[in-house]
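Subject: Structure for you to look at

Hello,

Here is the structure I promised you. Please open it and keep it beside this email as you read.

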Amino acid sequence: MDRKEFLERFIFVRKCGGCGEILPYERSRQAFCSDCERAWLVAKAENCSECLRVVTECTCTPKGLRGVFSLRKLIFYHPKKVKEPQNQMIYRIKHRPNKRISEFVASELSAAVEEEICACGFSERRQDVVIVNLPRGRRAKTLYGFDQSALICRALSEKTGIAYVEAIGRRRGGREQKTLTGARRFVNVKGLFYVRDERAIAGKCILLVDDIVTTGASMSGCVKLLAQAGAKEILAFCIAQD
Ligand SMILES: [Zn+2]
Ligand SMILES: [Zn+2]
């Protein structure tokens, strides 16, 4: 056993993104233990109740998400199944930065990213494609010290070779979206976001990424701003659609 293996086996042990148990050394580069991986695969095989396609191929958008034709996702989020490994993973990456899990999510999203880029005719013009994150609220960012959507975008950029720009800013104020219901979320996002870097947006194909999309209020707000800033195409992605 070399020093690196020793450290990885006994000191810097890694935990499963689902159940939080310590991973056996052999799985230490994976996101999940074998049980949670099975649960993840089952969640990814769920069918959409609207289009009947498997969730990873579903492009359905929530009613409130305007301005994009499709929203690609990895799983459906069921708030009642909060203890399920796939939901625990989302919870975990919100509360603690985890490069390994972010890379896993990015890698899982990359197939849909390539398909969508190809479908809108940008596969030969990758230099004109830009990844943009939907920024987290300031309070949460200060509380946890990081922005999980930015972390996922960085990993997605590394995986795909597509540039990532923190092109959208978020103003102080506004309530956390999850504390509000329906129509109030749409009022809450008004004026909350702004474009920080218009030159990075104009004429580009934007891959807009968030972790969970519920009503689509935040995403709609950002889509509108991106369109006003001259984005040529806007493609929406998330880990989970509620
Ligand atoms: Zn597990
Ligand atoms: Zn669908």
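Below is what was found in it, from the whole chain down to single residues.

First, the ground rules. This is a predicted model, in which local features need pLDDT of at least 70, side-chain atom pairs count only at pLDDT 80 or more, and totals for chains, interfaces and linings use all residues. Residues are numbered from 1 along each chain as its sequence is written, while chains are lettered from A and ligands numbered from 1 in the order in which they are written.

Confidence

pLDDT is the predictor's confidence in each residue, from 0 to 100. The protein averages 91, and 95% of the residues score at least 70. Confidence is lowest in helix H7 (residues 182-189), with a mean of 65. It is highest in strand E1 (residues 71-72), at 98.

Overall build

The protein has 8 helices and 8 strands. These are DSSP runs, numbered from the N terminus: helices are H or I with at least four residues, strands are E with at least two. The radius of gyration (taken over C-alpha atoms) is 18 Å. The globule rule (2.2 Å times the number of residues to the power 0.38) also gives 18 Å for 242 residues, so the protein is as compact as a globular protein of that length. Its C-alpha atoms fill a box of roughly 55 × 40 × 40 Å, taken along the principal axes.

Of the 242 residues, 41% count as buried. Buried means that 20 or more other C-beta atoms lie within 10 Å of the residue's own; exposed means 12 or fewer, and partly exposed is in between, with C-beta atoms placed from the backbone.

Strand E3

Look at strand E3 (residues 129-133) next. 5 of its 5 residues are buried, so E3 is largely enclosed by the rest of the structure. In a regular strand the side chains alternate between the two faces of the sheet. Here Val129, Ile131 and Asn133 point one way, and Val130 and Val132 point the other way.

Which strands pair with E3? Two strands pair if DSSP finds at least two bridges between them. E3 and E7 run parallel, joined by 5 bridges. E3 also pairs with strand E4 (residues 163-164) in the parallel sense, over 2 bridges. Find valine 130: it stands opposite isoleucine 206 in E7, and opposite alanine 163 in E4.

The core

Isoleucine 206 turns up again in the largest nonpolar core, which has 67 residues. Such a core is a set of buried Ala, Val, Leu, Ile, Met, Phe, Trp, Tyr and Cys residues joined through C-beta atoms within 7 Å. Ile206, Leu207 and Leu208 have the most contacts inside it. Two residues are in contact if their C-beta atoms, placed from the backbone, lie within 7 Å. Leaving aside neighbours within four places in sequence, isoleucine 206 has contacts that include Val130, Val132 and Leu226.

Two loop residues

Tyrosine 77 lies in the loop between strand E2 (75-76) and helix H3 (85-95). Is tyrosine 77 buried or exposed? Tyrosine 77 is buried, because 21 other C-beta atoms lie within 10 Å. Beyond its neighbours within four places in sequence, tyrosine 77 is in contact with Asn87, Ile212, Ala240, Gln241 and Asp242.

Leucine 52 is found in the loop between H2 and E1. Leucine 52 is exposed, with 8 other C-beta atoms within 10 Å. Most residues other than glycine have a negative phi. Leucine 52 has a positive phi of about 70 degrees, although it is not a glycine.

Best wishes
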